[in-house]
Structures are given as structure tokens and as C-alpha cells.
Amino acid sequence: MVPVLLASVLLAGCADEPAKPAAPEPKPAKKTKPPQPDRPSAAERAEKQLKETISKMSTAEKVDQLLYIGVTGTALTQADRQLLQDHALGGVLLLGGNITSTDQLKTFTAAIGEAQTADEKAFLGFDEEGGRVSRVPDARLKLSPSLSFGHKNDPGLMKEVGRTLGSISRFYGFNMDFAPVLDVNSNPANPIIGDRALSADPQQVARLGVPLMQGMKEEDIVPVVKHFPGHGDTTVDSHVGLPRVDATKAELEQTELVPFKRAIQDGAEMVMVAHILFPALDKNRPSSLSKEVMTGVLRSELKFDGVIITDDLVMGAITERYGLAQAAGLALENGADMAMFSSPGAYASVHKEIMERIKQGKLSVPDLDQKVGRVLRLKETYDLSQTKRVDEYERLIERVKAVESDMRR
């Protein structure tokens, strides 16, 4: 009986044990997607499009983008109209002799805009600094000299001055202003700069010049900082002859170059180079034709990658020693991206000279493409059309009065 009972107990114990769960069926392996390439950013797509645009341009079309030309008279002539229709030029400038009245100027700039048939519109620039260098025909829209605002020493006010200059430029139909002046008023005997400068202190010029530049940009006007490497220590007017500055490189770095270095660090996009001989930088050629100045100092040392434009090549500092076409060719060979000349009718000879230098290998195709790329890249940054014209004339006059009042407080 005992064995039988024991066996019964053992069997009952086995019956009470829970059954072992069945092993789960293996899940099917997940399909892994192959790694997706990163989508190009908007900036990368724009740069690709820019390169494609340049690749489709002829050499002659590329050269057109590097020329900033003057026009004849106070209304658009048929010859200038045809030139603008047939060639996508880099820029057009108007000087005092092109301007007589508000209505005339607005009509003139509108005609220049309407004559352009190419997708890439030209820069349309003028010199509106305030003070002695002012092209606006209405005295109510003229600002005091930069030095007057410099005495106030207020960066906030300078930004508002920049916005005001930008609004004035837009009102008259321009998209570019050859300002601000970043020269240091380091020589009281200087016949050309003087009160056009913000200060005799390079740090103050930098502190006030940068917000002035930024204010103009906020109004969608291209500011052009000038006159690199610095016109403040000259005793000769470059409109008449070639100035010479005998400062050492170290002295230039402590004075004249300070505002430009700051502006470049804070977003300067276009720099105008002066016609001045700096023997410490180049013993033979003025800065506007000098590889040592434009490629060496401006590009390599100050790391500027924007557009370099010459001052007007139709000035005594250049014409006494070089022909216009020759000077334009040398400027582009040695680092400039745009050659500016106000002489009407000079387009054909200048264009021919540059084409010949390209053919001779003096200006390489890769260098040419880089220059065109800088110009087009800047054009795409701004609205160069005339859709942003400011038409509130009385309000603009009040704006000028307001900044003048703030300066005098």
C-alpha cells in the first residue's frame, strides 16, 4: 500500500506543476532603410544655381558684370539705352552733372531701370554722404557732414542716419550708395576728406561707421565702404593728382585700417579702393591698381571676400599715368572685382581691353569666374528692382529733420 500511495502523491504533484510556456516565435527582422543623403541647404542650392548661371555665360557677358559705367547727360540717351538693353552691366553711376531736380532724377533712374532687359539688373549708385558730397537735388533731404554726427558719438543715432540715407537713396530710385566714408581724419591739411570723416580717432570711426553701414543695409541699399586703405592722411586731392602716404605698415594698421577691419568683421559686402600710393604696401602702383593692396592686404590679411570696386578711374591720380582701358585692366588683374569709370562712351574700349587680357592669360578664367560670382552673389542679396521706391516725400523730409535735431541735442 505504501508504494502505491507514494506513487499517487508523486503523480498528483506532477499534475499540479504549471506547464512551461511555449517559446515565442521569432519576430521578423525589421527592414532597415539605407542612409539618406543630407538634403542641400537653401544656401547650397543657391550657390549651385549661381555656378550654373556663370557656366552658361559667355566670356564677354562675364566681363560686362565687372564694369560700373557712367552715362551721358540728364536723360537717358538712345546710345545708353541701347547699351543697357544689349548688355547686362555690373553697375551704372550718376554724378552731379547727371542731376538737376527731383522729378528729373526720378525719371532718369526709372528710365535706366526700364531699359535693362536682362534678369541680372545693374547696381545703380551715387555718392550720398551728406555734407559736401551730396547728390540729392532737394536741400530739405541733405544731411549735415559726417563729422557733425561724429561729434555726437552715438552709435544708435548713426544707425538711424544710415536708415535715412537708405530711404533717400530708394526715394530717388537707387539701390546702392557709395558710403559710408571710413577714412580717419588724421591730417588736418587734407583737402579732400576733412569733415567727410566721422572722426580723427580710428576707433570712433569704426564704432560709428559700422552702424551707419548697417542702417543702410536695413533699407535694402548696398553700402560701399570707402576709401580703402584710407584717404585721411593725404595732402593731394586724387581727383587732381596722385596722393602719397608715407606711413609705415604698422602705422597704417593702427590708424587707417582700423575702421575697415571692423567693418569687414561686421558684414561689409563692398569696399571701394582709393587711388593713393602707399610705398609701405606697394612702391610702384596706386592702391586701386595694386595686387599687394587689394589681394595682399584686403583679401589675404583682412579676409574680405566681398566685392572690391575701384574709385572712379576717370580721376587725375589715374589719368595722368595710365589710359582708362589700361587702368581698368590692371585693376581687375590685380584684385578688383569691378572697374568703375564715369566717362560716357568708354564701355567699348574698356571691354575690348579686358577681353584681350583674358585672351593673353593675364586674367585667368577661374579668376574671372570668381569675380563674377562675387558680383552676382551680392546682387542676389538685395532687391535691385525699383519696386521699393519710397514715395512718402513729406515723411522723408521729417525724417531728415528728426536725425538733424537728435544730432544737435
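**Entry 1. Conventions**

I number residues from 1 along each chain as its sequence is written, and side-chain values use heavy atoms, with hydrogens and water left out. Since the model is predicted, local features need pLDDT of at least 70 and side-chain atom pairs count only at pLDDT 80 or more, while totals for chains, interfaces and linings use all residues.

**Entry 2. Pockets**

I looked up the pockets on a 1 Å grid over the protein atoms alone; a pocket is an open set of points with protein on both sides within 12 Å along at least five of seven lines, and its lining residues have an atom within 4 Å of a point. A volume is the space filled by probe spheres set on the points, which are joined across faces, edges and corners.

The largest pocket holds about 300 Å³ of space. I find 20 residues in its lining, and Asp127, Arg135, His239, Asp311 and Met315 are the closest to the centre. By class, this lining of the largest pocket has 9 nonpolar, 5 polar and 6 charged residues. Here Ala, Val, Leu, Ile, Met, Phe, Trp, Tyr, Cys and Pro count as nonpolar, Asp, Glu, Lys and Arg as charged, and the others, Gly among them, as polar.

The second largest pocket holds about 260 Å³. It is lined by 15 residues, with Met57, Glu61, Gln65, Ala88 and Ala118 closest to its centre. The elements α3 (59–65) and α4 (78–86) give two or more residues to this lining. I take helices as DSSP runs (H or I, at least four residues), numbered from the N terminus. The lining of the second largest pocket divides into 5 nonpolar, 5 polar and 5 charged residues.

**Entry 3. Cavities**

A cavity is a set of grid points where a 1.4 Å probe fits but cannot get out. My search of the whole structure gives 2 cavities of 30 Å³ or more.

The largest cavity has a volume of about 90 Å³. Of its 14 lining residues, Glu129, Ser146, Val161, Leu165 and Leu212 lie nearest the centre. Helices α6 (146–152), α7 (155–171) and α8 (202–218) each supply at least two lining residues, and α7 has the largest share, 3 residues. The lining of the largest cavity has 11 nonpolar, 2 polar and 1 charged residues.

The second largest cavity has a volume of about 50 Å³. Among the residues that line it are Leu84, Gln116, Ala118 and Lys121. Ala118 is also among the residues closest to the centre of the second largest pocket.

**Entry 4. Helix packing**

I fitted axes to C-alpha atoms over the stretch in contact, with angles from 0 to 180 degrees between N-to-C directions.

The axes of α4 and α5 (residues 102–115) come within 8 Å and cross at roughly 40°. That makes α4 oblique to α5, as angles under 35 degrees count as roughly parallel, over 145 as roughly antiparallel, 65 to 115 as roughly perpendicular and the rest as oblique. Arg81, Leu84 and Gln85 of α4 meet Ala111, Ile112 and Ala115 of α5, where contact means heavy atoms within 4.5 Å.

Helix α13 (residues 324–333) packs on α14 (residues 347–359) at about 45°, with the axes 8 Å apart. That makes α13 oblique to α14. The residues in contact include Leu324 and Leu332 in α13 and Val350 and Ile354 in α14.
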